[in-house]
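This report describes one protein model, moving from its overall make-up to individual side chains. The sequence and the structure come next, followed by the terms and values.

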Amino acid sequence: TRVVNWCPHCQSTLADDEVEYKEEPATLYTFRYDKDFPIAISTTRPETKFGDTAVAVHPSDKRYAKFVGNTFIVHLAGVERQIRIVAHHAVEKEFGTGALGVTPAHSAVDEAIARKEKLPSVVVIDTNGGMTTEAGEYAGLKVKEAREKLVAWLRTKKLVEKEEPIMHNLSICYRCGTAIEPMPLEQWFVAVDKPTKKLGGKSLKQRALETSIKNEIQFIPDRFTAVYRQWMENLHDWCISRQIWYGHRIPVWYCDCGETIVSTEVPKKCSSCKVNYVFLHGFYRTK
């Protein structure tokens, strides 16, 4: 289970290279969770803040140094959360207030921070693009409705410090153009950094880079060599699941005893119950 790119319309995950971006106007809201919280945060998506479990600041930012390590109980529109102040180099001091509301369930960057800091993850948006019960009275609303309603509440409580029009890149589904919702789902991944005996102890990423460095493959025109290397160097575990009919085939086999078998060949027997048949996408394959 990891945060993946999810399309609420297609009901499918997307690999990173399938996500497209559309520049569009947005509003950057700067506000506090409640009047007693000492730090203001900035975001274009206030509705996701119901899932915040921390606020991250840059380790060298002296403005917030005294708060790092402290935990505050906040009440955002009737929803209570414990917010821990953590220091992390991923935070941009110059963006907004230099303080990032960490939403582990709805951002891959925030998920990485949460993993390092052992923060809890709270899912506040469901697979249909609606708010979950973790959003309190906002449950059931679509994200845009929840955003409008929460911003109105923040204004009423005089918690909004600034509203700025900005241009930002909205991640969208390449199939239908719907806004992507990052969320944690149980998926299959290719472990690109895991050493394997078949590659002489190298990982898939290392071997793929090596083919270019040793000129085992040639890119035409040559400028794409640098593009390929940069892409591979930044590659992380690759989500290969699809929740669409007739989707991409992955080498996973399911036995009716509950065993899951990962194999490039059709298994002759289940490795757990030893029965000589397995499920193949819901159908028996027998010997």
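## Basis and overall make-up

Helices (H or I, at least four residues) and strands (E, at least two) are taken as DSSP runs and numbered from the N terminus. On that basis the protein has 4 helices and 16 strands. This is a predicted model, in which local features need pLDDT of at least 70 and side-chain atom pairs count only at pLDDT 80 or more, whereas totals for chains, interfaces and linings use all residues. Residues are numbered from 1 along each chain as its sequence is written, and side-chain values use heavy atoms, with hydrogens and water left out.

The C-alpha trace spans about 70 × 45 × 35 Å along its principal axes. Of the 287 residues, 41% count as buried, a class that means under 20% relative accessible area, with exposed set at over 50% and partly exposed in between (1.4 Å probe, protein chains only). Where contact means heavy atoms within 4.5 Å, residues 24 or more positions apart account for 61% of the contacts that have a separation of 6 or more.

## Surface and charge

By the Shrake-Rupley method with a 1.4 Å probe, in which only the protein chains shown count as cover for residues, the protein exposes about 16,800 Å², and carbon and sulfur atoms supply 52% of that area.

For the charges, Lys and Arg count as positive and Asp and Glu as negative, while His and the chain ends are not counted; each charge is placed at NZ of Lys, CZ of Arg, CG of Asp or CD of Glu. The 40 positive and 36 negative charges have mean positions that are 5 Å apart.

## Salt bridges

A salt bridge is a side-chain nitrogen of Lys or Arg within 4 Å of a carboxyl oxygen of Asp or Glu, and by this rule the count comes to 19. In one of them, glutamate 161 pairs with arginine 32, with the closest N and O atoms 2.7 Å apart. Because glutamate 161 lies in strand β9 (residues 160–173) and arginine 32 in the loop between β3 (19–31) and β4, this pair ties together parts that are 129 residues apart in sequence. Glutamate 161 is partly exposed at 45% relative accessible area, and arginine 32 is also partly exposed, at 24%.

The salt bridge between lysine 116 and glutamate 117 has an N to O distance of 3.3 Å; here lysine 116 counts as exposed at 54% relative accessibility, whereas glutamate 117 counts as buried at 18%. Arginine 155 and glutamate 163 form a further salt bridge, with their closest N and O atoms 2.9 Å apart. Arginine 155 is partly exposed at 46%, as is glutamate 163 at 35%. Elsewhere, salt bridges that share partners join Lys202, Arg207, Glu210, Lys214 and Glu216 into one network.

## Two loop residues

Lysine 49 sits in the loop between β4 (41–43) and β5 (54–57), and its relative accessible area of 6% makes it buried. Its side chain makes a polar contact of 3.1 Å with that of threonine 103, the term denoting a pair of N or O atoms within 3.5 Å; within protein, one must be able to donate a hydrogen and the other to accept it, and residues adjacent in sequence count only if both atoms are side-chain atoms. With neighbours within four places in sequence left aside, the contacts of lysine 49 are Phe31, Tyr33, Ile41, Thr43, Leu76, Gly101 and Thr103.

Proline 120 is placed in the loop between α1 (108–117) and α2 (143–156). Its C-alpha atom is separated by 22 Å from that of valine 143, which is 23 residues away along the chain. Beyond neighbours within four places in sequence, proline 120 is in contact with Thr53 and Pro104.
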